[in-house]
Amino acid sequence: MKVESIEIDGRKVFSVRAFNQGVALWLKRLPTVWVEGEVTELRRQERWASVFFTLKDPEDGACLSVQMARGQFDALRLELVDGERVHVYGRPDFYEQRGEFLLRAMSIERYGLGAHLAALERLKQKLAAEGLFAAARKRPLPRIPRLIGLVTGNDAAAKRDVLTAITTRFPPAHVLVAEAYVQGPRAVSTIVAAIDDLCARGVDVLIVARGGGSFEDLLPFSDERLIRAVVSCPVPVVSAVGHEQDTPLVDLAADVRASTPSVAGRLVVPDIGELRAWLDRAHGGLQRGARRTVESHQRRVTSAAERLHRAPALVLERRRARLAATRGRLLALSPKATLERGYAIVRAGGAFVRTPPALGTPIAVEVAEGSFGALVE
Amino acid sequence: MTAEPTFEEAQAELERIVERLERGDVGLDELTTLWERGEELYKRCAAQLTETQGKIEELAKRLGTEDV
């Protein structure tokens, strides 16, 4: 088919109709393909021949108009709602009357569990390779938080469970609760906003809680934006999402993973009973320690005093002992021991006699048992 | 001025004081200072446990249509 144009002043000019026809013709040569995206603005009415919706790229929000014959759409029995992720099989088409580009759908498949799992696994590998799940990144929780932030659905049992656990275990706790959608297309952005808001209000620990739900319900908790918000959160994050067996990626990114919302509540606060018991022990220790210190000083003073009292007696005793020893040595030197062996000391006129004196000289003789006088013959 | 210590800081300081006193090797003049400080920390911790009123605050609703 030839698109007609006319020559005006040597210029090739197309009518709008011809132009659109040409574009449509050209587009028809493109192949039929599968396109993946989120369903938004789904419009279906009984009196319309077609169903319309916009397919939106979940990453950057790029949009594509999709049209499908209503009979075909209804026959699929998909019961699609806004926000659901689908694969659309169709070919590019051009609505000539309005000059609008669209994808003419021939089939739609709900984005399957397998596709979700594969995408999750890819994201998990990527984030793990960045080190976002590394054990070294995990921060310890404050022992006694000043202000606890809680992100949860507005009427969720999860919220009640967390709050009950916190206030039972530690009644003085101060909790700031921010609500968010915890499923559906707006969950990620509201949860991220709640995290930022709570951090800006100075919480020192954060809990992200959600009760159990279907695989799809929990998908926002594996969203890359949410994961990055948790990782870059300036305070430690406790995740309590779904049941024990669910492992949304937020569990890997959080500093602590709690198996249930109640457990998360118990993890962030200390037990007030234990704290009181500790305080009583510390107080007792303070009294005991002070007493012990005083007593040890008293003992030292007492023993010093005793030593002081004993000191003069000790000096006397020592002198006495020295005297006795001196006396012993003195005794050993006296001539008495020699006299005992039978020698005698002879004195004449008070002097020792060393040479024989003149006859008739009176002398004094000292022997062991006594002394007597005599005359020299 | 130093800022009011948190419970954790007060707790840690009280623990250190009790340990020192229990060793009994503190001078008498220092004992008075330590003991008074210990009592002060004890009272502060006890007050935080008993007098601090727990609070649960809900941030302003931004989700609009949902019931509270």
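**Close-ups of a predicted two-chain model**

View 1. At A:A311, helix 9 of chain A bends by about 35°, with a proline, A:P312, following within four residues. The bend here is the angle between axes fitted to the seven residues ending at a position and the seven starting there. Helices (H or I, at least four residues) and strands (E, at least two) are DSSP runs, numbered from the N terminus. This is a predicted model, where local features need pLDDT of at least 70 and side-chain atom pairs count only at pLDDT 80 or more, while totals for chains, interfaces and linings use all residues. Residues are numbered from 1 along each chain as its sequence is written, and chains are lettered from A and ligands numbered from 1 in the order in which they are written. Helix 9 covers residues 272-333 of chain A, 62 residues in total, and its first and last C-alpha atoms are 88 Å apart, close to the 92 Å expected at 1.5 Å a residue. That expected span is 1.5 Å times one less than the number of residues. Among the buried residues of this helix are A:L275, A:L286 and A:T293. Buried means that 20 or more other C-beta atoms lie within 10 Å of a residue's own; exposed means 12 or fewer, partly exposed is in between, and C-beta atoms are placed from the backbone. The buried residues of helix 9 of chain A pack against helix 1 and helix 2 of chain B.

**View 2. Where chain B meets chain A.** Each side has its count: 34 residues from chain B and 34 residues from chain A. Contact means C-beta atoms, placed from the backbone, within 7 Å. On the chain B side, the elements giving two or more residues are helix 1 (7-23), helix 2 (28-50) and strand 1 (55-58). Helix 2 of chain B supplies the largest share of that side, 10 residues. By class, the chain B side has 17 nonpolar, seven polar and 10 charged residues. Here Ala, Val, Leu, Ile, Met, Phe, Trp, Tyr, Cys and Pro count as nonpolar, Asp, Glu, Lys and Arg as charged, and the others, Gly among them, as polar. Pairing takes at least two DSSP bridges between the strands. One pair to look for is A:V177 with its bridge partner B:E58.

**View 3. The largest nonpolar core.** A nonpolar core is a set of buried Ala, Val, Leu, Ile, Met, Phe, Trp, Tyr and Cys residues joined through C-beta atoms within 7 Å. The largest one has 50 residues, and those with the most contacts inside it include A:I148, A:I166 and A:V238. Helix 5 (residues 187-200) of chain A gives the most to this core, six residues. Apart from it lies another core, of 15 residues, among them A:I144, A:L275, A:L286 and B:L21. Leaving aside neighbours within four places in sequence, A:I148 is in contact with residues including A:I166, A:H174, A:V205 and A:V268.

**View 4. Strand 11 of chain A, covered on both faces.** Five of the five residues of strand 11 (residues 237-241) are buried, so this strand is largely enclosed by the rest of the structure. A:V237, A:S239 and A:V241 sit on one side, and A:V238 and A:A240 on the other. Side chains in a regular strand alternate between the two faces of the sheet. Strand 10 (residues 205-210) of chain A pairs with strand 11 in the parallel sense over five bridges, with A:A209 opposite A:A240.

**View 5. Helix 3 of chain A, out in the open.** None of the 17 residues of helix 3 is buried, so this helix lies largely in the open. Helix 3 (residues 113-129) should span 24 Å at 1.5 Å a residue, and its end C-alpha atoms are 24 Å apart, which agrees. Just after the helix, A:G131 takes a positive phi of about 85°.

View 6. Most residues other than glycine have a negative phi. A:E41 has a positive phi near 50° and is found in strand 3 (residues 33-43) of chain A. With 13 C-beta neighbours inside 10 Å, A:E41 counts as partly exposed. A:E79 also has a positive phi, of about 50°, and lies in the loop between helix 2 (70-76) and strand 6 (85-95) of chain A. A:E79 is exposed, with 7 other C-beta atoms within 10 Å.

Note on methods
Contact = placed C-beta atoms within 7 Å.
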